Amino acid sequence: MDKTLHTSPAPDDTPAASCCGSVCGSVSITPAPAPSMPAPTPAQAGLHRYRIANMDCSSEESEIRRALEPIAGVKQLRFDLGQRTVSLAAEPADLTAAIAAIERIGYKPQLLTEPTAEAAGGREQGVDHDHAHVESGLPRLIGALAFAIAAEAVAFFAPETALLKGVQMLLAVLAIYLAGFGTYQKGLLALKAGRLNINALMTVAVTGAFVIGQWPEAAMVMALYAIAELIEARAVDRARNAIKSLLDLAPQDAEVQQADGQWQRMPTAAVEVGAIVRLRPGERVPLDGMVTAGASAIDQAPVTGESVPVDKGVGDEVFAGTINQNAALEFRVTALATDSTLARIIHAVEEAQATRAPTQRFVDRFAAIYTPGVFVLALGVALLMPWLMGWTWMEAVYKALVLLVIACPCALVISTPVTVVSGLAAAARRGILVKGGVYLEQARTLKAVALDKTGTITEGKPKLVDVQIVRDGTDRAVVARAALSIAGRSDHPVSKAIAAGLATEASAGEVDGFEAVVGRGVQARLDQVSYVLGNHRWVEERDQCSPAIEALLKQHEQAGRTVTMLADDAGVLALFAVADTIKPSSQAAVAELLALGVTPVMLTGDNQATAEAIAREAGIEQVRGNLLPQDKLNAIGEMQTRYGPTAMTGDGVNDAPALAKADIGFAMGGAGTHTAMEAADVVVMNDDLQRLPETIRLSRRTHAVLWQNISLALGIKAIFLVAAVFGNASMWMAVFADMGASLLVVFNGLRLLRSKEPS
């Protein structure tokens, strides 16, 4: 599967099924940007943003998508069901046509130039408006249920007189008004537009029950439906809040140094790149930056998932949302609040939630056929059963109305998005940024994984791994001091590795006559002695090599090490072996992949000998070295042919073509790496290769929960459909069946949030 390199999801024109009102809307969550650190807004993306007050369900989203399909000029389409907004990118004429198309199917889009005051105020003050709405509706629904129970009691216990029948009707009307006014409004709009959603079905069912004289039952159905919907919305809030919690990681203000040297707190949104920010112990980092003063340990778990705090000093990066542990720091801001690592994570999660997973598309297609099918079945029961089964017309109509209530595919449709959102949130908590439900589901099918060497399996930074004294009688302290003094003057990566490795056992001296010789090494004088710190070629040119040294060099080269030699005028004194060391987690990650039945293959541009040495240490049997980017691209195609679905794991820059070609691209070390986040489908924020098998395990678990939910929803529906036609299922029992199934699948999907490690 070839993929383009982008993060924005393509518009999904898959028809969706009808489902419940506000509940389904609360599943497809796109968090509103925080004032202190907004994610990229539609205005920034050149989109026109509209609020549609009566759009709060995935079926309504799909209806709008279908209405806009004939308009070719709609270049981009984004939905935010949580905020009930749609954003369009189109030329003026096409935009006008798009709005007209939306209005024709019964919606009234209102142009928004900025987020509503209500939404902004809620974020600033920490108010959850959906939660507040739920709480404010609870007394009303309790009153509706009380009136419905009273109507049932009058019908059951009181004699059937005209006065008491009038009381029943009055109580039922009050219950329906309190519980179902909003449902009726939306149901009538849906029927007018020819849409069969849950509001339309409930409107027809309750109205029909009322017309045939089942007043108490009509009232009870509407009250139970509204209360069950409220309970379900509260349950789904857990999935919503799992993503919303990302917005609370970064503080809204920062202590910034002013031009006069004074420190002042100001909103992070107003802090510019290059400003100096002071961070006290225990505070969260407000913005991305580079440490300029101080040293401390930073807890990066909120962003990268690392369980152990990371030591930070001058020159090290810090990320917004991480926590300063034990000492004051000062850092220079390197990214605006809107472009911080955390902001990009939030934006990527928003985009991920906007895409439909394969199972969700299947469910939507199925439910789009299922709902009209059951509606036709109900109509057939009402019209044909009196002729075929000898039922009374009243009995046939009543059973048909029961079927309409059961017909709601709410449990089926809601089961997939809440499960996928829970899976995405569970992954994000572990520093795994999955860019869409499609990749969360596909990861379980992987049969092979291509692994880049540098920065993926290895640390990506050369380290001094061995020092060998060659000349007998040479003092190691003298060798260490000379090598450190000379290497410390060079900016070559190998020299830096030698200097860093020797810093703990020697102190540098003053050298003179320092000179770097291209392709050879460096030379200088220390304590009146001339030294060279160079490669094999230079030592041979100086005629200072020997069979013993050649043998040592061969051993190190077979182990994948780069050897530098320290020599004076008399000959070689010592060998310094530098290597890109394997990450501590790589061996365990490879073992986990093999246990999952996934074949790891190393693809690297490094030489074959070095690649094989690292592969042996990591436990990888198949190695391909000396590969250019095009070679890696071709290798991915060969692996897909040989094994099947194949992932590529790399740094997202040189490996971008292979990341795009693979079925799933995993980018390592996404914290601070723009290219990696853009190129890959999954970003591992902390460079830990073990996150890859974790993703596969989470994918398998998510898939299992999805199909558990589908089986639950369809099984309960099937039982009550049969009971409704051939048994004695009542309307209120049908409501319990529908909403009970919905609650079951929601809570089952939320199980993915429980474990700290998604495995």
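The model is predicted, so local features need pLDDT of at least 70 and side-chain atom pairs count only at pLDDT 80 or more, while totals for chains, interfaces and linings use all residues. Residues are numbered from 1 along each chain as its sequence is written, and side-chain values use heavy atoms, with hydrogens and water left out.

**The chain as a whole**

- The protein chain holds 26 helices and 26 strands. Helices (H or I, at least four residues) and strands (E, at least two) are DSSP runs, numbered from the N terminus.
- Of its 759 residues, 53% count as buried. Buried means under 20% relative accessible area, exposed over 50%, and partly exposed in between, with a 1.4 Å probe and protein chains only.
- The accessible surface of the protein chain is about 31500 Å², and 57% of this belongs to carbon and sulfur atoms. Accessible areas come from the Shrake-Rupley method with a 1.4 Å probe; for residues, only the protein chains shown count as cover.
- Among contacts between residues at least 6 apart in sequence, 72% join residues at least 24 apart. Contact means heavy atoms within 4.5 Å.

- Three strands form an open sheet in the order 10-9-12, with antiparallel pairing. Two strands pair if DSSP finds at least two bridges between them.
- The edge strands, each pairing on one side only, are strand 10 (310–312) and strand 12 (323–324).
- Strand 9 (residues 296–299) pairs with strand 12 in the antiparallel sense over two bridges. Isoleucine 298 has asparagine 324 of strand 12 as its bridge partner, and aspartate 299 stands opposite isoleucine 323 in strand 12.
- Strand 9 and strand 10 run antiparallel and are joined by three bridges. Alanine 297 stands opposite aspartate 311 in strand 10.
- Strand 9 is covered on both faces: Ser296 and Ile298 on one side are buried, as are Ala297 and Asp299 on the other.

- An open sheet of seven strands has the order 14-26-25-24-15-22-23, with mixed pairing. Its edge strands are strand 14 (432–434) and strand 23 (622–624), each of which pairs on one side only.
- Neighbouring strands of this sheet are turned by 20° against each other on average, direction ignored. Axes are lines fitted to C-alpha atoms, for helices over the stretch in contact, and angles run from 0 to 180 degrees between N-to-C directions.
- Strand 24 (residues 646–650) and strand 25 (residues 664–668) pair in the parallel sense over four bridges. Here alanine 647 stands opposite isoleucine 664 in strand 25.
- Helix 21 lies across strand 22 and strand 23, and runs at about 155° to strand 23.
- In helix 21 (residues 608–618), the buried residues are Thr610, Ala611, Ala613, Ile614, Ala615 and Ala618.
- Threonine 604 is in the loop between strand 22 (599–603) and helix 21. Threonine 604 counts as buried because its relative accessibility is 2%.
- Beyond its neighbours within four places in sequence, threonine 604 is in contact with residues including Asp452, Lys453, Ala611 and Arg624.

**Helix 25 and its partners**

- The axes of helix 12 (residues 393–406) and helix 25 (residues 691–726) come within 9 Å and cross at roughly 170°. That makes helix 12 roughly antiparallel to helix 25. Angles under 35 degrees count as roughly parallel, over 145 as roughly antiparallel, 65 to 115 as roughly perpendicular and the rest as oblique.
- From helix 12, Lys399, Val402, Leu403 and Ile406 meet Lys717, Phe720, Leu721, Ala724 and Val725 of helix 25. The residues of this contact are seven nonpolar, no polar and two charged. Ala, Val, Leu, Ile, Met, Phe, Trp, Tyr, Cys and Pro count as nonpolar, Asp, Glu, Lys and Arg as charged, and the others, Gly among them, as polar.
- Helix 20 (residues 586–595) packs against helix 25 at an angle of about 30°, with the axes 8 Å apart. That makes helix 20 roughly parallel to helix 25.
- Ala589, Glu592 and Leu593 of helix 20 meet Leu692, Pro693, Ile696 and Arg697 of helix 25. This contact has five nonpolar, no polar and two charged residues.

**Proline 417**

- Proline 417 lies in helix 13 (residues 410–429) and is buried, with a relative accessible area of 13%.
- Proline 417 and leucine 706 are 289 residues apart in sequence, and their C-alpha atoms are 9.3 Å apart in space.
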